[in-house]
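The structure is shown first, and the discussion follows.

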Amino acid sequence: MATTSVLPRTTPAPAPRAHKAPALRHLGPNWYACVMGTAIVANAGATLPYQLPGQRVACQLVWALSAVALAVLLAARAGHWLHHRDQARSHLLDPAVAPFYGCLAMALLAVGAGTLLVGKDLIGTPAAVAADTVLYAAGTAIGLLMAVLVPYLMVVRHRVEPSQATPVWLLPLVSPMVSAAVGPLLVPHLPAGQAREAMLLGCYAMFGVSLLATLLMLPLVFGRLIVSGPLPLALTPTLFLVLGPLGQSTTAVNQLADMAPRSIGAPYAHAFGAFAVVYGVPVMGFALLWLALAAAMLVRAARAGMGFAMTWWALTFPVGTCVTGAAGLARHTGLTAFSWLATALFLTLLTTWLAAGARTLRGLLAGRLLPRQVS
């Protein structure tokens, strides 16, 4: 009887699938800081008390650059989530990266504000209002979500030590303050009555959300500096992030005071106008104190050999919020000193933006910031 031996069939192991778009694998949410830092240059330049010939045109060009950068980055980040979901999920579970998800909201809000401030000269007011409405709604929704989600993850999933506290932890908490600061730009385009009052008070509510959350987090950051010493060299520029809630909250109360007479009754409108100065002046004073401390730490880090890192973008947006805050105080107090302060801070912002932008472009062209091979 013939027998047939059946040999086991061996199937070769499949070759590991190459990652698609390998450069996108390293594209984290911190890249939205480039958009924020660029948009704030246009926004701050357009609101300065002193305007030079050609300044508004320059602001329009910078705003257009920020809008293009936002569109490119949104598409690239969508590709990151599509092709590298494992990396995207790991970012959310990484306490050093997750707070940067607040930058997405602030990038949308900053570009949207610039659309109404200077972009309307290029695309028309109706289109600018429509674009800012979409960007503001998306940015506010994402900002409020991240203000809850990131702290939740820090409590239940992340494992952090007090020595790991950095100003980066403030990023998701500042997003609602940005909404409070740029929301008043939409008030004149809303129907008079309930709509304007709801927008005004909603912005004040987000002001409170961000301010109180920041007051909870800031002692952890300062306590870490006192107990554990200076931050690592690459993280030293993040000290400037503390200026974000300070300058943005000052901007918010002044912007809201501008719109209060159009949105709410006289007693509250007058109170909001007084609050803008009573709150803004002391907070701006503390912002200057922190600016001096952060600048001293930055000089120390530079002398110790601090090289370029994407954290350099922390030197842009927070300083820009102090520009808009000082400009708002100049409007409400009439003091020339605040106009000078806004101008000096803007020159600082312009310098840091050019430095961060040039080094970022150089790093991209050299392939150092987004490696083309997956490690």
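Predicted model: local features only at pLDDT ≥ 70, side-chain atom pairs only at ≥ 80, totals over all residues.

F222 is located in helix α7. Together with I226, V227 and L293, F222 makes up a nonpolar patch on the surface, and the accessible area of these residues together is about 410 Å². The main contributor to the patch is helix α7, spanning residues 194-228, which supplies 3 residues.

T250 belongs to helix α8, residues 243-263. Its relative accessible area is 0%, so T250 is buried. Leaving aside residues up to four places away in sequence, T250 is in contact with Y279, G280, V283, M284, G325 and L329. The two residues are set side by side below.

| Residue | Relative accessible area | Class |
|---|---|---|
| T250 | 0% | buried |

The largest pocket holds about 550 Å³ of space. Its lining comprises 21 residues, of which C34, A69, T360, L361 and L364 are the closest to the pocket centre. Two or more lining residues come from each of the elements α1 (32-47), α2 (55-83) and α11 (336-366). Among the contributors to this lining, α11 gives the most, with 7 residues.

Notes. Residues numbered from 1 in each chain as written. Heavy atoms only, no water. Patch = residues over 30% accessible without salt bridge, like charges linked within 9 Å, V, L, I, M, F, W, Y side chains within 5 Å. Areas by Shrake-Rupley, 256 points an atom, 1.4 Å probe, with all protein chains shown as cover. Salt bridge = Lys/Arg side-chain N within 4 Å of Asp/Glu carboxyl O. Helix = DSSP H or I, 4+ residues; strand = E, 2+ residues; numbered from the N terminus. Buried < 20%, exposed > 50% of the residue type's maximum accessible area, 1.4 Å probe, protein only. Contact = heavy atoms within 4.5 Å. 1 Å grid on protein atoms, 1.4 Å probe; cavity = no way out; pocket = protein on both sides within 12 Å on 5 of 7 lines; lining within 4 Å. Points joined across faces, edges and corners; volume = space filled by probe spheres on them.
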